[in-house]
Amino acid sequence: MVDKLHLQQLKKDIEALKGEKVLIRANKGRKKMVEVEGILENTYSNIFVVKFPIDRECKQYRCVTYTYSDLITNTVEIILCRTNTKVGVM
């Protein structure tokens with residue numbers, strides 16, 4: 001079980017990654033996993049925003065929001081591309 005201190009630390013860890021290139025693995029249900037590289041755009045008190053390029057030329061972007069509870073429940077995983085390390089609850 002995750003307590004309040006772990007949640008606060010998770011939020012600080014995600015906040016420190018703003019502007020970094022990350023790989024997002026998201027469970028979309030029914031054995032559907034999505035892996036997309038994007039940039040951690042912004043963080044808020046309950047959500048964080050990841051910006052993904054839509055086309056290969058990176059001229060258009062799509063912003064997707066995730067909650068910190070997605071990380072806690074392992075519905076979403078964040079992997080830092082620079083070091084290839086997983087960010088999340090241990």
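**Ground rules.** I am working with a predicted model, in which local features need pLDDT of at least 70 and side-chain atom pairs count only at pLDDT 80 or more, while totals for chains, interfaces and linings use all residues. Residues are numbered from 1 along each chain as its sequence is written, and side-chain values use heavy atoms, with hydrogens and water left out.

**The sheet.** I looked up the strand order and found an open sheet of 6 strands, β4-β3-β2-β1-β5-β6, with antiparallel pairing; helices (H or I, at least four residues) and strands (E, at least two) are DSSP runs numbered from the N terminus, and two strands pair if DSSP finds at least two bridges between them. The edges are β4 and β6 (85-87), each of which pairs on one side only. Neighbouring strands are turned by 40° against each other on average, direction ignored, where axes are lines fitted to C-alpha atoms, for helices over the stretch in contact, and angles run from 0 to 180 degrees between N-to-C directions.

**The helix.** Helix α1 packs on the sheet and touches β2, β3, β5 and β6, its direction making about 85° with that of β2; contact here means heavy atoms within 4.5 Å. I noted that A16 belongs to α1, residues 4-16, and that A16 is exposed at a relative accessible area of 61% (buried is under 20%, exposed over 50%, partly exposed in between, with a 1.4 Å probe and protein chains only).

**Strand pairs.** I followed β2 (residues 33-43) into β3 (residues 47-53), an antiparallel pair with 4 bridges, joined by a hairpin through 3 residues. In β3, V50 stands opposite L40, and V50 also stands opposite V64 in β4; β3 and β4 (residues 61-67) run antiparallel and are joined by 7 bridges.

**The largest pocket.** I read a volume of about 160 Å³ for the largest pocket. On a 1 Å grid over the protein atoms alone, a pocket is an open set of points where a 1.4 Å probe fits, with protein on both sides within 12 Å along at least five of seven lines, and lining residues have an atom within 4 Å of a point. Grid points are joined across faces, edges and corners, and the volume is the space filled by probe spheres set on the points. The lining includes I24, V36, F52, R62 and V64, and its largest share, 3 residues, comes from β4.
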